[in-house]
Amino acid sequence: MLERRNRSAEAPHDDLVDHLVRSTPLQRGEAARVVLDVLAYFDETTEEFVRRRHRELQSHGLRNEEIFDRIRHELPHRAVAPPDLSARQLRRLVYG
């Protein structure tokens with residue numbers, strides 16, 4: 001595993017919840033759930049992201065060469081950019 005971000009779903013993030021309640025029509029419980037959902041989304045490891053995106057793009061009929069090229073371009077735009085991975089490293093994450 002390349003990394004596991006240290007964002008805990010147990011962290012209350014009350015300041016962010018307060019901000020969402022003030023700036024959106026969300027109730028406090030809804031805002032807290034949104035915060036936890038977003039944190040869980042960005043807590044995805046590089047391996048989990050690569051495997052998920054590979055499955056998604058493969059289900060759209062793309063071939064591995066195009067899939068790995070797309071994933072390589074998407075990775076630097078993640079919340080915390082992972083290291084630059086070659087197509088070979090991406091293939092290894094998917095197929096072992």
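**A helical protein and its salt bridges**

Buried residues account for 28% of the 96 residues in the protein. The model is a predicted one. It contains 5 helices and 0 strands. Along the sequence, the pattern reads α-α-α-α-α.

Next come the surface and the contacts. The accessible surface of the protein is about 6700 Å². Carbon and sulfur atoms contribute 52% of that surface. Among contacts between residues at least 6 apart in sequence, 54% join residues at least 24 apart.

Now turn to the charged side chains. The structure has 9 salt bridges. Some of these link up: E44, R52, R53, E56, E74 and R78 belong to a network of salt bridges.

Start with R53. Its side chain meets that of E56 in a salt bridge, at 2.6 Å from N to O. Both residues sit in helix α3, which spans residues 46–59. They are 3 residues apart, so about one helical turn separates them. R53 is buried, because its relative accessible area of 15% is under 20%. E56 is partly exposed, with a relative accessible area of 28%.

R53 also forms a salt bridge with E74, at 2.7 Å from N to O. E74 lies in helix α4, residues 64–74, while R53 lies in helix α3, so this pair ties together parts 21 residues apart in sequence. E74 is partly exposed, at 24% relative accessible area.

Helix α4 holds another pair. E66 and R70 lie there, 4 residues apart, about one turn of the helix. They form a salt bridge, with their closest N and O atoms 3.9 Å apart. E66 is partly exposed at 41% relative accessibility. R70 is partly exposed at 37%.

Methods
Residues numbered from 1 in each chain as written. Predicted model: local features only at pLDDT ≥ 70, side-chain atom pairs only at ≥ 80, totals over all residues. Heavy atoms only, no water. Helix = DSSP H or I, 4+ residues; strand = E, 2+ residues; numbered from the N terminus. Buried < 20%, exposed > 50% of the residue type's maximum accessible area, 1.4 Å probe, protein only. Contact = heavy atoms within 4.5 Å. Areas by Shrake-Rupley, 256 points an atom, 1.4 Å probe, with all protein chains shown as cover. Salt bridge = Lys/Arg side-chain N within 4 Å of Asp/Glu carboxyl O.
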